[in-house]
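My entries follow the display.

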Amino acid sequence: IAVSEGGETPDVSHFGRDVRQLVTRFAQYMDDAKRDFVYMLAHLGIFDDKLVERIAPSVIPSFSISTYERIKGFSFITPLGDGRYVMHQTVGEILLADDGEAIRLIGEKVKEAIIPYCIDILDTLETASPEYASLLGYMKKFAPDSEDTLSYEFEYAGLVFIECRYEEALSLYKQAYEHSLSVLGEEHPKTVEIMSQLFAVYGNMAFINEAKKMEEKVIDLTKKVFGEISAETLDVLIKATTLHCSLGEFDDALKYGEEAYKISTFLPDISEESYIFLLNSLAIVYNCFGRNDDALILNIEALDTAKESGDMNTVFVSANSAVNSFFNLGRFDEAHKYAKEAVEAAKTEYGEEHPNTYIAMSNLARTLSALGENEKALEIYKDILPKFTEFYEEDNILTITLCNQSAEVCERM
């Protein structure tokens, strides 16, 4: 069965006038084992050897590798060049449009086999790899309304965000939220969890209007679904504190920060990470109100806790936050010491070419300038600014902050 005639893109007319005629031609051309195999591949659409060899035995009792290898040679099966194959779309659509009992039963068996297969592998993956995306595609295709699918969709968005693919991650978070909203409803814990993270991502990426539009709703829903005193409520209040700090709305930041701190005193099993982020967020607020000594106490407690945990992410956050407190107190030598510590933690956790490392480097440059080493500071800014804009737009508040700091150094020279 050819997939093209005369160089034209094939359509239904190449295979007969109706579905019944196509199926009849398949029946004449292939034995039962091959036909069932083609039905299975039509349901999959895209597949690879590993997937087929895992699920085919439970879908097709007469499965054999030799039959599979022969089918891969059919003209309507195309290799994609990455170890995967695809059935020609027209053939697949015509087959799946048939409501015959045989292809329907094959579809049910494919679904029963592929979901546990995907879950087994997804649970082992830690990066937003092509394999993760492919397996997630099967989950969305065969179990679109499953809470497992929603969980992996949410997790995949987070993995993409970690890889600094921010625009893509934001789109994925929005899709996950809309999907969960339609399947589980607004007040389901999973929906609220995804909404809370979307709120944070809007804030991190300086989509201020979007973040502020959903702030009151996400806080109210979190309290309603998880309770006033809960880790989830603590988390969303920390996010709100951070957002208002970045906007210079310090009264609101203080309100949310102190509410979060009060909640933390009632949570004996609060995670170290949450506690560290809470201390640092509240320290930023205190700095903004000129309570720099109070802020520094929180910074040092956060940094000590982070070092004890061995988590370089929280060490970076805490050391970087401590720089601001020392800086505001005019203790520039100590600020410089902690800035170097933040840079080393960032490089260890994220690598040399990462926006968090650039942020730590900018703080280091700021302390160097305060110590009178403006040329060294300017060299750092010249190095990191072009790299930083690869991750953030030029009008992003973080990019603008770096540009302003660099300009201040130039003025001092």
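Which residue follows α12, and is its phi positive or negative? I found G248 after α12, with a positive phi near 75 degrees. The model is predicted, so I took local features only at pLDDT of at least 70 and side-chain atom pairs only at pLDDT 80 or more, while totals for chains, interfaces and linings use all residues. Residues are numbered from 1 along each chain as its sequence is written, and side-chain values use heavy atoms, without hydrogens and water.

Helix α12. I listed its buried residues, among them T233, L237, K239 and H244 (buried is under 20% relative accessible area, exposed over 50%, partly exposed in between, with a 1.4 Å probe and protein chains only). Their cover includes α10, α11, α13 and α14.

Cysteines. I found zero disulfides (a disulfide is a pair of cysteine sulfur atoms within 2.5 Å). The sulfur of C410 is 11 Å from the closest cysteine sulfur, in C403, so it is too far for a bond. C410 is partly exposed at 41% relative accessible area, whereas C118 counts as buried because its relative accessibility is 0%.

Contacts. I looked up L41 and, leaving out residues up to four places away in sequence, found that it touches F47, V52, I71, I77 and M87 (contact means heavy atoms within 4.5 Å).

Notes. Helix = DSSP H or I, 4+ residues; strand = E, 2+ residues; numbered from the N terminus.
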